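Please open the model in a viewer and keep the selection tool at hand. The stops below are given in the order in which they may be visited.

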Amino acid sequence: MQMFRIDKSHKLKIGLAEMLKGGVIMDVTTPDQAKIGEDAGAVAVMALERIPADIRAQGGVARMSNPSMIRAIMDAVTIPVMAKCRIGHFAEAQVLQAIGVDFIDESEVLTPADERYHVDKWAFRVPFVCGCRDLGEACRRIAEGAAMIRTKGEAGTGNIIEAVRHMREVQTGIRGIKRLGPEELIIRAKEMGVPVDQLVYIQKRGKLPVPNFAAGGVATPADASLMMQLGAESIFVGSGIFKSEDPEARAKAIVMATTNYDNPDIVAKASEGLQSAMPGLEISEIPESQIMQDRGW
Amino acid sequence: MMKPVGVLALQGDFARHMDSLKRLRCPRKLIRWPEDLETCAGLILPGGESTTFVNLLGKTGLKKAICDFAEKSPVMGTCAGLIILAGEIVNDNMETLGLIDIRVERNAYGRQVDSFTDTVHVPMFEDKPVFEGVFIRAPRIHAYGGDVMSLGRHGQDVVMARNRRILVCTFHPELTSDTRVHRYFVEEMAGKTDS
């Protein structure tokens with residue numbers, strides 16, 4: 001455990017996150033899908049055995065993917081490969097680091113292994129990304145050593161509403177910190193359950209000390225544009241690509257829309273000719289026990 | 001007033017290059033389309049994913065535009081930007097711009113767990129000839145042509161080099177607060193074009 005500081009090791013971790021900015025990170029389950037993602041312009045792929053929509057449909061305990069499956073994907077592409085460990089499952093994270101994955105996602109999409117603690121991410125050389133629903137959750141994960149934050153959204157739904165809520169919560173939270181006086185920061189940190197040095201950083205710079213990406217529900221080029229305009233610095237697409245009718249074309253279109261998120265003509269052009277997006281789920285129809293975003297605290 | 005230096009903003013750490021230029025009080029602009037280049041005094045290709053760059057350079061028409069631009073104006077590339085500018089990639093058949101005669105190996109030091117920071121020697125920075133080299137999944141220059149001049153070394157490796165109009169680094173000066181590499185590009189290369 002350490003105070004938040006950008007030492008040499010953390011500079012390398014955040015550095016890789018910087019390289020992934022303005023790009024699309026795609027969930028893939030096979031080397032072939034990974035190649036499709038890379039050829040479409042993905043900046044990284046997330047190797048996992050089941051994409052969130054299937055985890056949702058099939059139920060059961062969702063765990064770290066088999067190392068041989070992750071290795072096969074690492075061998076298939078030259079872009080960075082990410083993989084997920086369960087919340088708090090530091091032994092899974094150790095295995096992922098031993099295999100040599102480039103980024104670990106301590107993810108609520110998998111079944112949590114610890115109902116109280118997340119992984120001490122400072123103990124690793126490999127960078128971590130963690131999900132959040134608001135600024136407090138983001139700061140706690142950064143305090144644990146996360147080098148990248150993403151919104152949780154609600155994975156596997158193809159429904160953007162939760163990702164929007166979480167990104168707006170983070171941005172509103174940042175604006176709220178900027179308005180506080182120095183004496184107010186201490187109490188705010190206490191209320192939020194976060195280290196005060198992070199709030200000092202946020203107040204000074206107006207942003208999180210690590211890159212802030214969006215995940216959980218992106219299914220269309222316009223979804224990607226929306227999240228980028230709301231302040232996301234890159235986009236994770238989970239089920240949205242390989243649960244659609246036209247993965248290759250959709251992957252390319254989402255990449256184009258992410259790069260040119262503030263140019264509606266390009267987003268329109270990227271969206272033309274696509275077939276159906278993934279069907280998607282209404283959040284209120286998901287049983288409470290299957291809501292993934294409430295995992296992690 | 002100097003014309004702006006463009007930073008290719010298709011993907012990657014372009015914001016960090018913009019920060020470096022801002023520290024130098026250099027006029028700057030983001031480049032996403034060929035026409036954005038028209039008013040620029042120079043161009044920086046940032047770090048990022050080179051496969052993504054190649055893909056988007058082709059789709060946007062920037063590939064030809066950058067080659068045309070480089071006939072008269074200077075271009076700098078760091079890490080993935082260097083790969084895009086290189087003449088030859090030894091372990092990949094990607095279509096690079098071929099604007100500097102270097103043979104480059106992608107991800108030459110390994111994966112992210114092998115990324116490192118170490119001191120780079122840059123003799124032309126006479127007052128303090130060292131620079132913090134941040135190497136992230138970095139490429140390695142295996143060989144370079146007669147018109148290419150080595151400017152910086154890490155051990156035996158050439159990690160910073162230039163020819164007449166192209167400046168390349170395998171490391172990331174934009175991830176440090178040291179602006180000397182950017183200053184060199186802006187003052188000695190972009191500031192001295194006749195166009």
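Select strand E3 (residues 81–86) and strand E4 (residues 103–107) of chain A: these run parallel and are joined by five bridges. Strands are DSSP runs of E, at least two residues long, and helices are runs of H or I of at least four, numbered from the N terminus; two strands pair if DSSP finds at least two bridges between them. Within this pair, A:Met82 has A:Phe103 of E4(A) as its bridge partner.

This is a predicted model, in which local features need pLDDT of at least 70 and side-chain atom pairs count only at pLDDT 80 or more, while totals for chains, interfaces and linings use all residues. Residues are numbered from 1 along each chain as its sequence is written, chains are lettered from A and ligands numbered from 1 in the order in which they are written, and side-chain values use heavy atoms, without hydrogens and water.

Next, display the whole open sheet of chain A, whose eight strands follow the order E7-E6-E5-E4-E3-E2-E1-E8 with parallel pairing. At its edges, strand E7 (212–213) and strand E8 (235–237) of chain A each pair on one side only.

Then select helix H6 (residues 135–143) of chain A, which packs on the sheet and touches strand E5 (128–132) and strand E6 (148–151) of chain A. Contact means heavy atoms within 4.5 Å.

Finally, move to helix H9 (residues 196–205) of chain A, where A:Gln198, A:Leu199, A:Tyr201 and A:Ile202 are buried (under 20% relative accessible area, 1.4 Å probe, protein chains only). These residues pack against H6, helix H7 (161–179) and helix H8 (182–192) of chain A. Just after H9(A), A:Gly206 takes a positive phi of about 70°.

Key
Axes are lines fitted to C-alpha atoms, for helices over the stretch in contact, and angles run from 0 to 180 degrees between N-to-C directions. Buried means under 20% relative accessible area, exposed over 50%, partly exposed in between (1.4 Å probe, protein chains only).
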